[in-house]
Amino acid sequence: MPRHNALAKEAAVTNVHEITIWTRGVVKDKEGRDVANGIAAAADQDGKFTQAFDNYVDLPDRVNVPLRKYARISDQEIEMRYDYENEKPEVVVVVDATIVKGINVLRGMQKGGVLVVNTDRSPDEILKFVPNRELLKAVVCVDATGIAGSATVDFSGTEGGVDAVGLGAGLAAPILGAFAKATQLVKLEKLAKVVKNKDALRRGHDSAVIQTLN
Amino acid sequence: MFNIPKGREVPFGCVTPAPVGEQPMMITGNWREYRPVIDEEKCNLCGNCVVFCPDACWQFNEADDAVVWNAKYCKGCLICVNECSHDALSKAYELDFPDGVVRLEKPF
């Protein structure tokens with residue numbers, strides 16, 4: 001989406017950390033949204049400016065369609081309000097591991113990004129399906145399905161409705177724990193304040209396998 | 001008679017062969033988490049998988065006397081696994097297979 005020149009200058013000056021979360025429609029939609037909202041809520045506790053939203057072009061929500069959620073964190077107020085996608089993600093979180101096979105999840109990533117994957121396999125096995133791995137600084141694998149059980153299928157909070165179930169009751173908690181371990185963008189203590197399943201959060205944090213590359 | 005421009009003729013009775021094609025703008029192979037795996041020994045070519053697949057991803061191959069699976073469009077619904085009459089089909093996790101990588105830049 002072409003930006004107005006003035007906004008482009010603003011965005012260049014303020015350092016906005018973009019996070020893209022890939023997940024599957026309907027069955028893992030709530031999990032993806034929990035990860036985005038959890039990141040934003042935890043960063044908000046730290047006093048940062050945040051945005052967290054679903055991707056619009058991936059709608060309508062169909063079972064198993066790969067779709068994206070976005071989060072943005074910045075120290076200054078985020079000027080990009082009308083960019084509906086994250087063009088340059090710094091961290092890519094994949095809630096369902098098979099998505100790396102079917103989509104170029106690292107598209108737009110600048111060099112030195114991090115890939116977080118929910119899988120019980122090793123980072124090497126995941127990297128087999130990622131041909132542009134030179135963009136990555138680290139790959140993180142966490143077995144969220146093993147820790148937190150199967151996904152919470154819940155429509156609470158879908159497409160702007162009020163979320164009555166709360167954040168992080170399912171797969172999202174271990175993934176957020178692994179995210180905190182791999183990046184410096186949010187802290188585990190702040191995440192523990194917003195996430196429901198704190199035990200799964202800590203187990204995800206402890207059991208995440210980080211492999212640094214390049 | 002009628003002056004029909006060349007290239008716009010229609011067969012008698014407007015009977016056209018069934019289109020055999022695909023929609024490359026909507027490749028759905030990356031929707032699946034599990035894929036169906038066939039055990040050729042057990043398959044008796046009943047055709048349940050061909051009939052029940054909502055995406056027509058199982059096709060008869062008369063020459064090889066087998067059913068052929070379409071990796072590009074299979075959504076992994078596993079209806080065929082459920083409907084197989086001789087337990088020839090079972091499900092397998094997609095990451096176990098290096099082939100069948102659809103690999104799109106964007107979801108659609």
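Reply: Chain A holds an open sheet of seven strands with mixed pairing, in the order E2-E3-E1-E4-E5-E6-E7. Its edge strands, E2 (49–54) and E7 (209–212) of chain A, each pair on one side only. From one strand to the next, the twist averages 15°. Axes here are lines fitted to C-alpha atoms (for helices, over the stretch in contact), with angles from 0 to 180 degrees between N-to-C directions.

Some ground rules. The model is predicted: local features need pLDDT of at least 70, side-chain atom pairs count only at pLDDT 80 or more, and totals for chains, interfaces and linings use all residues. Residues are numbered from 1 along each chain as its sequence is written, while chains are lettered from A and ligands numbered from 1 in the order in which they are written. Helices (H or I, at least four residues) and strands (E, at least two) are DSSP runs, numbered from the N terminus. Two strands pair if DSSP finds at least two bridges between them. A residue is buried if 20 or more other C-beta atoms lie within 10 Å of its own, exposed if 12 or fewer, and partly exposed in between, with C-beta atoms placed from the backbone. Contact means that the C-beta atoms of two residues, placed from the backbone, lie within 7 Å.

Now the strand pairs. E4 (residues 91–94) of chain A has a parallel neighbor on each side. With E1 (residues 16–24) of chain A, E4(A) pairs over four bridges in the parallel sense. E4(A) and E5 (residues 113–118) of chain A are also parallel, again over four bridges.

Thr50(A) lies in E2 of chain A. Thr50(A) counts as buried because 21 other C-beta atoms lie within 10 Å. Leaving out residues up to four places away in sequence, Thr50(A) touches Ala40(A), Ala43(A), Asp44(A), Ala71(A), Arg72(A) and Ile73(A).

The loop between E2 and E3 (66–74) of chain A contains Asn64(A). Asn64(A) has a positive phi, near 75°, in a residue other than glycine. Asn64(A) is buried, because 20 other C-beta atoms lie within 10 Å.

Next, the helices. H2 of chain A runs over residues 29–45, and its 17 residues should span 24 Å at 1.5 Å a residue. The end C-alpha atoms are 24 Å apart, so the helix agrees with expectation. That expected span is 1.5 Å times one less than the number of residues. H2(A) is mostly covered, with 15 of its 17 residues buried. Just after H2(A), Gly47(A) takes a positive phi of about 90°.

H6 (residues 172–182) of chain A is mostly covered too: ten of its eleven residues are buried. Among them are Pro174(A), Ile175(A), Leu176(A) and Phe179(A).

Step back to the whole chain. Chain A has eight helices and seven strands. Its C-alpha trace spans about 45 × 40 × 35 Å along the principal axes. A compact globule of 214 residues would have a radius of gyration near 17 Å; chain A has 16 Å, which agrees. The radius is taken over C-alpha atoms, and the globule rule is 2.2 Å times the number of residues to the power 0.38. Buried residues make up 49% of the 214 residues. Of the contacts in chain A between residues at least 6 apart in sequence, 71% join residues at least 24 apart.

Finally, the partner chain. The contact takes 16 residues from chain A and 15 residues from chain B. On chain B, the side touching chain A divides into seven nonpolar, three polar and five charged residues. Here Ala, Val, Leu, Ile, Met, Phe, Trp, Tyr, Cys and Pro count as nonpolar, Asp, Glu, Lys and Arg as charged, and the others, Gly among them, as polar.
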